[in-house]
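Subject: Structure handover

Hello,

Here is the structure you are taking over. Please open it first, then read the notes below.

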Amino acid sequence: MAKIDVVLGLQWGDEGKGKIVDVLAGRYPAVARFQGGPNAGHSLHFDGKKFVVRSIPSGIFREGSENIIGNGVVLDPVTFREECGNIAKMGIDARKKIAISKKAHLILPTHKLMDAALEAAAGKGKIGSTLKGIGPTYTDKVGRHGLRVGDILAPDFKERFTALKNRHLQEFAAMGFTCDPDKDEAEWMDAIDFLRSFRLVDCEYFLNEWLEDKPVLAEGAQGSLLDIDYGSYPFVTSSNTTIGGVCTGLGVAPSKVGKVYGIFKAYCTRVGSGPFPTELFDETGEKIRRIGNEFGAVTGRPRRCGWLDLVALKYTVMVDGVTDLIMMKSDCLDDFETIRVCTSYRIGGQETQQFPFDTAAEIEPVYTDFKGWNTDLTGIRKEADLPVEFKDYIKFMEDYLGVPISIISLGPDREATIER
């Protein structure tokens with residue numbers, strides 16, 4: 001019996017999961033996406049080009065790989081068709097390489113309108129949604145009103161669609177929200193026809209039969225600190241981005257999970273609203289953003305930047321049962337004289353190394369400072385060639401977190417990777 005190994009983001013997303021899944025995918029005949037929607041873009045760099053995938057698993061560019069979109073994903077048919085069109089330009093036929101769970105939920109045009117209506121109503125309390133309709137789609141899923149991919153095969157699909165659309169229109173009326181609910185419907189229905197040309201599968205049977213003799217790599221979207229249960233609530237996403245989401249989002253038992261690769265950046269970033277204890281509002285924060293090119297792969301929004309938070313990182317390592325750590329973007333700190341790392345919080349006069357329930361509380365980060373390595377790491381391919389200051393930095397983190405850092409990424413390209 002083979003295992004399903006998992007790649008998880010350990011911070012607030014944007015850790016670089018796309019690159020790592022692409023690097024690891026060569027060892028796995030199948031890559032499965034287990035949650036999230038098209039708000040999260042995974043950037044892949046190879047052959048001197050950049051590619052961004054949103055709903056399609058990051059193994060799509062690997063020769064001979066199977067790619068599964070699991071039932072935990074919410075799928076926008078229009079965005080999905082656009083993605084497939086983009087990869088078709090590279091000679092890749094998505095229909096031959098992608099299987100889609102019938103139990104994945106569909107994002108309707110009115111779900112996007114609902115997103116806009118809710119953010120407008122929230123005013124200053126808005127969560128910073130990407131307005132892709134993800135939250136309202138998960139809301140309908142939990143409320144048992146949603147439409148699933150398998151429904152597009154039903155003879156009365158149009159009636160089911162109209163019933164959910166009318167439900168949304170009633171909610172808009174109650175909110176006093178005016179819109180044109182028909183604007184994108186024709187394009188959406190065309191994209192549904194495109195979706196019908198794919199292999200629509202019972203993901204739980206498909207994957208468990210696959211695991212009888214072949215391994216799978218599972219990838220999530222966003223990061224563990226955005227998990228609906230364990231993230232900085234309410235400034236979170238609407239799905240489980242932590243390890244439990246793998247089992248519910250693909251239909252596999254916990255005993256089938258093998259390695260858990262936890263990805264983090266050598267600093268922290270966050271998009272949208274919500275707490276961020278180590279956020280920098282000075283020139284250092286600007287410098288990190290500039291060097292790290294910290295702008296959303298899909299939205300283009302500038303990301304908030306700050307020093308690495310080991311308190312939060314140790315929390316997600318624990319919750320996810322991480323077996324191997326992967327550190328990204330160390331090279332972005334190459335020319336800092338001092339590198340700061342948050343090793344505890346001070347809350348209400350008390351020092352703690354636990355991530356608090358109330359993340360809206362006044363959290364003062366307590367830092368440990370390291371001498372910068374002042375070396376260009378991007379060309380280094382052997383661990384032995386790394387500067388001693390950088391090795392000291394790595395050892396400190398491994399001792400603090402209690403998990404080995406197995407892979408170090410020193411640039412966006414596939415080749416800029418050291419496996420320890």
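Gln222 lies in the loop between β10 and α9. Gln222 has a positive phi of about 60 degrees, although Gln222 is not a glycine. Please keep in mind that this is a predicted model. Pro234 also has its place in the loop between β10 and α9, and α9 covers residues 244-250. A cis peptide bond links Tyr233 to Pro234, with omega at about 5 degrees.

β10 belongs to an open sheet of 10 strands. The order is β9-β7-β5-β2-β10-β1-β11-β14-β18-β19. Pairing in this sheet is mixed. Its edge strands are β9 (199-201) and β19 (417-419), and each of them pairs on one side only. On average, neighbouring strands are turned by 20 degrees against each other, direction ignored.

Arg33 has Glu219 in β10 as its bridge partner.

Helix α1 (residues 17-25) lies across a number of these strands. They are β1 (4-9), β2, β10, β11 (257-265), β14 (324-328), β18 (405-409) and β19. Against β1, α1 runs at about 160 degrees.

Salt bridges

How many salt bridges does a search of the whole structure find? The search gives 26. One to look at is Asp14 with Arg303, where the closest N and O atoms are 3.3 Å apart. Asp14 sits in the loop between β1 and α1, and Arg303 sits in the loop between α10 (283-292) and β13 (304-309), so this pair ties together parts that are 289 residues apart in sequence. In general, side chains of opposite charge can pair when their charged atoms come close.

Strands around β15

β13 leads on to another set of pairings. Two bridges join β13 to β15 (residues 338-347), and these strands run parallel. Here Leu308 has Val341 in β15 as its bridge partner.

β15 also pairs with β17 (residues 363-371), through nine bridges. That pair runs antiparallel.

The bridge partner of Ile347 in β16 is Gln350. β15 and β16 form a hairpin, with two residues between them. Gly348 is in the turn and has a positive phi of about 60 degrees.

Helix pairs

Two packed helices are described by the angle between their axes and the distance between the axes.

α4 and α5: the axes of α4 (residues 109-122) and α5 (residues 134-142) come within 7 Å and cross at roughly 110 degrees. The two helices are therefore roughly perpendicular to each other. From α4, the contact uses His111, Met114, Asp115 and Leu118. From α5, the contact uses Ile134, Pro136, Thr137 and Asp140. These residues divide into four nonpolar, two polar and two charged.

α6 and α7: α6 (residues 157-175) packs on α7 (residues 185-195) at about 140 degrees, with the axes 13 Å apart. Why do α6 and α7 count as oblique? Angles over 145 degrees count as roughly antiparallel and 65 to 115 as roughly perpendicular. The angle here is about 140 degrees, and α6 and α7 are therefore oblique to each other. α6 passes α7 in a right-handed crossing. Phe157, Lys158, Phe161 and Lys165 of α6 meet Glu185, Trp188, Met189 and Ile192 of α7. By class, this contact has five nonpolar, no polar and three charged residues.

α11 and α12: α11 (residues 310-320) and α12 (residues 388-401) have axes 10 Å apart and pack at about 50 degrees. They are therefore oblique to each other. Their crossing is right-handed. Leu310, Val311, Leu313, Lys314 and Val317 in α11 meet Phe396, Met397, Tyr400 and Leu401 in α12. This contact has eight nonpolar residues, no polar ones and one charged.

Best wishes

Technical notes: Residues numbered from 1 in each chain as written. Predicted model: local features only at pLDDT ≥ 70, side-chain atom pairs only at ≥ 80, totals over all residues. Heavy atoms only, no water. Axes fitted to C-alpha atoms, helices over the stretch in contact; angles between N-to-C directions. Helix = DSSP H or I, 4+ residues; strand = E, 2+ residues; numbered from the N terminus. Parallel < 35°, antiparallel > 145°, perpendicular 65-115°, else oblique. Left-handed = near helix turned anticlockwise from the far one by under 90°. Contact = heavy atoms within 4.5 Å. Nonpolar A, V, L, I, M, F, W, Y, C, P; charged D, E, K, R; others polar. Pairing = 2+ DSSP bridges. Salt bridge = Lys/Arg side-chain N within 4 Å of Asp/Glu carboxyl O.
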